[in-house]
Amino acid sequence: MPGERLIARDTSAVGRFPGAAPPTRVHVTIQKEGEKKQEEGACCRWFRKACSCCCKHEDLTDTVEVITPGVPEPVKPPKLELEHAREMDDMGLSVCSVDLLSSKTGQNRLEHHTDLYEADELIIRRGQTFQIEIELNRPFQPDHDKLHLDMKIGSLPLVSKGTHVIILLVNDLEDERWEAKVVEQDGNKIKLSVNSPANAVIGLYGLSVATRSPKGEAMTTHSCAKNIVMLFNPWCEEDTVFLDDEEERKEYVLNDTGRIYYGTEKQIGARTWNFGQFHEGVMEACLFILEKSNMPPSGRSDPINVVRVLSAMVNAQDDFGVLIGNWSGDYADGVCPAAWSSSVEILRKYHSSNGTPVSYGQCWVFSGVTTTVLRCLGIPARSVTNFQSAHDTDVSLTTDVYFDENLEPIDYLNKDSVWNFHVWNDCWMARPDLPPGHGGWQAVDSTPQETSQGTFRCGPASVCAIRSGHVYLKHDTPFVFAEVNSDKIYWQRSLDGNFSQIHSEKKAVGHHISTKAVGSEERADITHLYKHQEDSEEERIAVETASRYGTKPDIYSSPIAEDVSVEVRMAGEGPEMGADAQLTIVVKNQSSESRRTTLHSQVAVMYYTGVLRGTIKKEQMPVDLLPNEEKTIEWVLPYQQYQDQLVDQAALMLTLSGRVTETQQVLANQTTFRLRTPNLTVLPLGEAMVGKEMAAKITFTNPLPRTLKDVVFRVEGLGLQKGHEVIVGDVSSHSTVTLTEHFIPTQPGPRKLVASLDCKQLTQVHGVADIIVLNK
């Protein structure tokens, strides 16, 4: 329209920073592999600059704003503004009311996946922002007024313990910390967006809002009538309970009913169990259990601690926990364990009686209640049934049966037993306290069988550690290993009182380990997660490895010699993304005799937290060694086998195991590595001076033999330009993207221009340029 002019600008700074730098101009080109780039001649460049109206730029801008000239609004005299500000200051600032926006159908509850809970409190998950509204006695003045939030948990909240949180207002929210930002203001009302870190303490918080105006010496505090419940967050990548599969989150966090299996390995029965983690009163009961455990609130940030405490609290054996175990057959003064079909009544009864243990429970009842409590608090969990489940009483890692000289059982020695079935739980979490690769599913058992550190509890024990026989890793891994993979050893007493082995059963325990399948009512057999295939070399190695850490370490023959070594070597900085991954396995024979072995290798995708996602390649490699020979094996993982399997950080774990035929020496090695991603090249162009436009060229070449979809660049430089996104789109295989940034430095001194690339197929791609900005 006549009289209008188009102005391209980055509107993100409008109204926030007076005298903000002029807008950033961006020029993007994509050059395919083999395509020659056409250079612009000097005359063309001069003409384009001289006549901008004829030669349109291909710059990318955030928005285009239409400004219509007109009569400017009258400006209030500075004196009146000052007087008004003084009146507001003298008036002071106080809070009239706080709305936690805790409605089940509201934004908070929906975004935090807590809309199913039958509770009025604001229920949120850590590591995620939430909103609250505050009504003040007058309009809030960001430049003058002071306001912060106080969140407290426990009877003695302390800032140093993370149980007293002071949340200050900031201009921009960042991840991994407590902070708040004013996102809306309407008269006397303001809406805050509040962020919490992914390691926040979980539980019941009280909230208060403290205000102070510049001239007010005293601070006013308003306590909120409602509380805030903070839960673990399986949707947050930074939370150690993060579970990346949405269908599994629906099953293991949000599903409030399930199936529990029982019977014998040849006659597997199933019953429906109502976990009811969202039912009215259940969350209050779960929080009550945490309080009754006497666990310091500061310890509730770590799911390992929380699970271990709950394993003890679900049974009443030594701490007046939820359920009394009873296997006597006499349940006259309580409820028969087989009569329960729901956790809800049990938990509500325990809470309403102020912590009087409920009668009675057996393993499936303990497991059902544990699933409820863990899911309620945000920890992914499932009930697991093991058929032919061993109970090892002496930590021998074997199931022992003793006979006298006449082959009559010695009853007082036969304390080990094998249950037809036993039900416990798996819960999902990273294990930063263990070596990489031991995160993921963890076994936890609330049925009181044996004490652990003086208390009837069990776990969390890494299922990966159980499978490999790494029983030296905490917590209670030996006990669970014996349940699923111990050998049954028969002993006979001789006339001199000594015992000798007369028979062994290698397949006696740990059959058809079962849980409900994801998204269906079918039974899923997860035996392979707990143990290698029976009678396989890997399974025998795991059993013998575990037994060496038990009370009978010599029950299996010890190796005659340990003179063969195996290691994994990596060339340079390691494999690159987009190509076959190559490592070198070195097997060395340090003896003067020949040696033979078969190396079993498997490589699994791994999260940076140490959680294994799944195996993508397995193979066997026979190795024959001459005396004192060192043999190298080139191990290759083709690109096609990992291209669609990787997760963030592109980490992998290679596990090697084997046994030397001549000496029975066990070989084992675990190596973690990542596939390196390319860097962005950031090249400054022109003189860097405050107030003078300069440019930087950012270059990236797609290393993959496939097209990158929806590529986005993010560019930012403190004192150079504000952070913004540049949408590039698809980048074909081996193509080169060149992006030119135009900006005007606003601060002198050493500065860094940082750029990163984001797309689903490729992560961890970034680059930086060091720029020294001169004063005018």
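In what follows, Ala, Val, Leu, Ile, Met, Phe, Trp, Tyr, Cys and Pro count as nonpolar, Asp, Glu, Lys and Arg as charged, and the others, Gly among them, as polar. The model is predicted, so local features need pLDDT of at least 70 and side-chain atom pairs count only at pLDDT 80 or more, while totals for chains, interfaces and linings use all residues. Residues are numbered from 1 along each chain as its sequence is written, and side-chain values use heavy atoms, with hydrogens and water left out.

A cavity is a set of points, on a 1 Å grid over the protein atoms alone, where a 1.4 Å probe fits but cannot get out; its lining residues have an atom within 4 Å of a point. The largest cavity is lined by E251, Y252, G258, R259, F275, R375, R382, S383, T515 and K516. By class, this lining comprises five charged, three polar and two nonpolar residues. At least two lining residues come from each of α4 (246–254), β14 (257–264), β18 (381–391) and β27 (511–516); helices (H or I, at least four residues) and strands (E, at least two) are DSSP runs, numbered from the N terminus.

Helix α10 (residues 477–485) is largely enclosed by the rest of the structure, because nine of its nine residues are buried, that is, under 20% relative accessible area with a 1.4 Å probe and protein chains only. Among them are F479, F481 and E483.

By contrast, L168 in strand β8 (residues 164–168) counts as exposed because its relative accessibility is 52%, the cut-off being over 50%.

Conventions: On a 1 Å grid over the protein atoms alone, a cavity is a set of points where a 1.4 Å probe fits but cannot get out, and a pocket is an open set with protein on both sides within 12 Å along at least five of seven lines; lining residues have an atom within 4 Å of a point.
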